[in-house]
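Here's a quick tour for anyone meeting this structure for the first time. Take a look at the sequence and the model before reading on.

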Amino acid sequence: MNTTHMYVNPHANANHHQSAITVAGYRLKQKLGSGSFASVYKAIKVKYSSPDSETETETDADSINYNNSLPEIVAIKRIDRSSNKITKKVLENLYLEISILETYRHPNIVCLHQAHKSNEHFDLILEYCAGGDLQGLIRTRKSGGLSEPLTRRLMRGLTAGLAFLASQNLIHRDIKPQNLLLTGPLPLDELEDPARTEEEEQARRVENFPSSMFHLKLADFGFARHLQKASLADTLCGTPLYMAPEILQDRRYV
Ligand SMILES: Nc1ncnc2c1ncn2[C@@H]1O[C@H](COP(=O)(O)OP(=O)(O)O)[C@@H](O)[C@H]1O
Ligand SMILES: [Mg+2]
């Protein structure tokens, strides 16, 4: 693994009160989602000039040296190292996820700013996607689904991301709505997809997220790997409901 961005921070979890947990100069806020091994939190950069700055730990002061250029708000994907789910295989996948995200950058792939390792956790400091995941978008639409124009727009983003991965001989292997993120709330020019509740629709109007900034991003590279040209991956993995028929039939990727 490329360790140049991996900071070992033994004090990162010194404060066990969730709302006061600080990782690499970021304070963890609400949980954005969770999967089998990780929990993802919204996190805000600690302000050193704020009145409570005296309460910051030494760790926070150290971290200011390496997060100066990072955004105010990020998403932190946290993996508990002590969990018995963290097998050797899971660790290998995590290192691969980090190295792939560190190496490849694309507008339709979530950006990894840094990866951290403390005694208790691995923390992936990710670009924050304020629109949440595609499953959330689908669930909050009045119609219970997405219109064709919006679907086309999102699929263009998905295919651009997948085409880039294919050009780099990478396979994702866990494409599903929960792993596709949105950079912001649905822009107002998407007229055919109102939210289920009037409050959400009102929030969307207030936010008025710029259409030019609304993108879909592939995330969760936990099953991703390199695939040599003309070879086949023969590990059966993914999420059953979203697997291609040929994978469920135990055939290999082509
Ligand atoms: N960068 C992000 N911005 C906003 N929400 C995110 C971000 N990354 C993950 N999430 C949310 O957290 C959930 C779990 O993250 P994911 O990377 O898929 O973890 P897992 O490997 O445990 O499935 C996602 O389905 C999504 O809802
Ligand atoms: Mg996931």
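Predicted model: local features only at pLDDT ≥ 70, side-chain atom pairs only at ≥ 80, totals over all residues.

Residues are numbered from 1 along each chain as its sequence is written, with chains lettered from A and ligands numbered from 1 in the order in which they are written.

**The chain overall**

- The chain's secondary structure comes to six helices and 11 strands; these are DSSP runs numbered from the N terminus, with helices being H or I of at least four residues and strands E of at least two.
- Of the 254 residues in the chain, 26% are buried (buried: 20 or more other C-beta atoms, placed from the backbone, within 10 Å of a residue's own; exposed: 12 or fewer; partly exposed: in between).
- Take the contacts between residues at least 6 apart in sequence: 71% of them join residues at least 24 apart (a contact means C-beta atoms, placed from the backbone, within 7 Å).

**Around ligand 1**

- The shell around ligand 1 has 23 residues, and Gly33, Gly35, Val40, Ala75 and Asp220 come nearest (a residue is near if its C-beta atom, placed from the backbone, lies within 6 Å).
- Strands S3 (26–34), S4 (38–45), S5 (73–80) and S7 (121–127) each supply at least two residues of that shell, and S3 gives the largest share, three residues.
- By type, the shell splits into 11 nonpolar, eight polar and four charged residues (nonpolar: Ala, Val, Leu, Ile, Met, Phe, Trp, Tyr, Cys and Pro; charged: Asp, Glu, Lys and Arg; polar: the others, Gly among them).
- Domain 1 (18–127) and domain 2 (134–248) each give the shell at least three residues; the domain bounds come from an automatic or database domain assignment.

**Helix H2**

- H2 (residues 88–103) has 16 residues and reaches 22 Å from its first C-alpha to its last, close to the expected 22 Å (1.5 Å times one less than its number of residues).
- Leu94, Glu97, Ile98 and Leu101 are buried in H2. They sit on the same side of H2 because they cover an arc of only 95° around the axis, going by the directions from the helix axis to the C-beta atoms.
- Those buried residues of H2 pack against S5, S6 (112–117) and S7.
- Lys88, Lys89, Glu92 and Thr103 are exposed on the other side of H2.

**Asp250**

- You'll find Asp250 in the segment after helix H6 (245–248).
- Asp250 is exposed, with 8 other C-beta atoms within 10 Å.

Notes: Contact = placed C-beta atoms within 7 Å.
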